[in-house]
Amino acid sequence: IGVGLVGFGLFFIFFGMLLYFDSVLLAFGNILFLSGLVFIIGFKRTFTFFFQRPKLKGTSFFLGGVLIVLMRWPLLGMLLEAYGFFTLFR
């Protein structure tokens, strides 16, 4: 279930970017991606991964970008998410 949710989340994010940053598709993709991540590695491990002291900057940018996409500012939100993603996984 988790791999399917992550796959659909990435598909909706990619499709939302192809359709000139459609905010509904991007928001749906973000929600599916994060819920799939929770299903794959568990809630506690997801929480501890995102909220470690050295990764707090990347987490704040990534989750802030998700929040901004949900508030219908898709271009700014995706830029913040991309920076947070690269900061988290470098």
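Predicted model: local features only at pLDDT ≥ 70, side-chain atom pairs only at ≥ 80, totals over all residues.
Between domain 1 and domain 2, two residue pairs are in polar contact, with both residues of each pair at pLDDT 80 or more.

On the side of domain 1 that touches domain 2, the elements giving two or more residues are helix 1 (2–18), helix 2 (23–41) and helix 3 (43–50). Helix 2 gives the most to this side, with eight residues. By residue class, the side of domain 1 that touches domain 2 comprises 10 nonpolar residues, three polar residues and no charged ones.

The domain assignment of the protein chain gives domain 1 as 1–49 and domain 2 as 52–89. The contact draws 13 residues from domain 1 and 13 residues from domain 2. As for spacing, the C-alpha centres of domain 1 and domain 2 are 13 Å apart.

The size of an interface is often given as the accessible area lost when the parts come together. Here, domain 1 and domain 2 bury about 1200 Å² between them, and 74% of this area lies on carbon and sulfur atoms. Within domain 1, the residues that lose the most area to domain 2 are F21, N30 and F49, which together account for 47% of what that side buries.

Aromatic rings deserve a word as well, with 11 aromatic pairs in the structure. One of them joins F11 and F15: the ring centres lie 5.7 Å apart and the planes meet at 10°, so the pair is stacked. F11 and F15 are four residues apart in helix 1, which means that about one helical turn separates them.

Terms used:
Residues numbered from 1 in each chain as written. Heavy atoms only, no water. Domains from an automatic or database assignment. Contact = heavy atoms within 4.5 Å. Buried area = accessible area lost by both parts, 1.4 Å probe. Polar contact = N/O pair within 3.5 Å; in protein donor to acceptor, adjacent residues only side chain to side chain. Nonpolar A, V, L, I, M, F, W, Y, C, P; charged D, E, K, R; others polar. Phe/Tyr/Trp six-rings, centres within 6.5 Å; stacked < 30°, edge-to-face > 60°.
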